Amino acid sequence: MRDTTIALIREVHSKNDFGVDLTTEFSREIFCELKSVSRADFYSAGQAGLALDHVFITDPINYNGERIVEYLGDRYEVTRTYQASIDSLEIYVGHKVGV
């Protein structure tokens, strides 16, 4: 049941007339399902210097390669995606840990 909403954020980088780098964000909300991070995924990500926070399940058509997810006011980095079936895409989000 897709009863949770998240914002998928896409960043577009450009330069203005003076050569200054500009970043513009485009955000859109989608419906999804919140799933717990499995123990194996959590420890595997930890070995790579990442902390997985959430897994969101949505229809694959809703995702266009965005790298940032906002959920309940917090921003997360998309660490990986996995298409579990023709109508189910898992979006793994977390943050970098360490130094």
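**Salt bridges, strand pairing and core of the predicted model**

Glutamate 66 and arginine 28 form a salt bridge, with 2.8 Å between the closest N and O atoms. A salt bridge here is a side-chain nitrogen of Lys or Arg within 4 Å of a carboxyl oxygen of Asp or Glu. The pair links distant parts of the chain, 38 residues apart: glutamate 66 lies in the loop between β3 and β4, arginine 28 in strand β2. Glutamate 66 counts as buried because its relative accessibility is 4%. Arginine 28, at 29%, counts as partly exposed. The cut-offs are under 20% relative accessible area for buried, over 50% for exposed, and partly exposed in between (1.4 Å probe, protein chains only).

The structure is a predicted model, in which local features need pLDDT of at least 70, side-chain atom pairs count only at pLDDT 80 or more, and totals for chains, interfaces and linings use all residues. Residues are numbered from 1 along each chain as its sequence is written, and side-chain values use heavy atoms, with hydrogens and water left out.

The protein contains 1 helix and 6 strands. Their order from the N terminus is β-β-α-β-β-β-β. Helices (H or I, at least four residues) and strands (E, at least two) are DSSP runs, numbered from the N terminus. The C-alpha trace spans about 50 × 35 × 25 Å along its principal axes. Of the 99 residues, 30% count as buried. The accessible surface comes to about 6,600 Å², and 51% of it belongs to carbon and sulfur atoms. Areas come from the Shrake-Rupley method with a 1.4 Å probe; for residues, only the protein chains shown count as cover. Among contacts between residues at least 6 apart in sequence, 53% join residues at least 24 apart. A contact means heavy atoms within 4.5 Å.

Strand β1 (residues 4–15) pairs with strand β2 (residues 21–35) in the antiparallel sense, over 12 bridges. Two strands count as paired if DSSP finds at least two bridges between them. Arginine 28 in β2 is the bridge partner of leucine 8. Arginine 28 also holds the salt bridge to glutamate 66. β1 and β2 form a hairpin with 5 residues between them. In the turn, glycine 19 has a positive phi of about 85°. β1 also pairs with strand β4 (residues 68–71), again antiparallel, over 3 bridges. There, glutamate 70 in β4 is the bridge partner of alanine 7.

The salt-bridge count comes to 7. One of them joins the side chains of arginine 2 and aspartate 59 (3.4 Å, N to O). This pair too links distant parts of the chain, 57 residues apart: arginine 2 sits in the segment before β1, aspartate 59 in the loop between β3 (50–58) and β4. Both ends count as partly exposed, arginine 2 at 29% relative accessibility and aspartate 59 at 33%. Another salt bridge joins the side chains of glutamate 70 and arginine 75 (3.3 Å, N to O). Glutamate 70 is partly exposed at 30%, as is arginine 75 at 44%. Salt bridges that share partners join Arg2, Glu33 and Asp59 into one network.

In soluble globular proteins, nonpolar side chains tend to be buried together. The largest nonpolar core here has 13 residues. Such a core is a set of buried Ala, Val, Leu, Ile, Met, Phe, Trp, Tyr and Cys residues joined through side-chain atoms within 4.5 Å. Ile6, Phe56, Val69, Ile91 and Val93 touch the most other members. The elements giving two or more residues to this core are β1, β2, β4, β5 (74–85) and β6 (88–96). β6 supplies the largest share, 3 residues. Leaving aside residues up to four places away in sequence, valine 93 touches Ala51, Leu52, Asp53, His54, Phe56, Val69, Tyr76, Glu77, Val78 and Thr79.

Phe18, Val20 and Leu22 make a nonpolar surface patch of about 330 Å². Patches are made of residues with over 30% relative accessible area and no salt bridge; like charges are joined within 9 Å, nonpolar side chains (Val, Leu, Ile, Met, Phe, Trp, Tyr) within 5 Å. Phenylalanine 18 lies in the loop between β1 and β2. Its 76% relative accessibility makes phenylalanine 18 exposed. Serine 44 belongs to helix α1 (residues 39–47). Serine 44 is partly exposed, with a relative accessible area of 43%. From leucine 22 in the patch, serine 44 is 22 residues away in sequence and 35 Å away in space, C-alpha to C-alpha.
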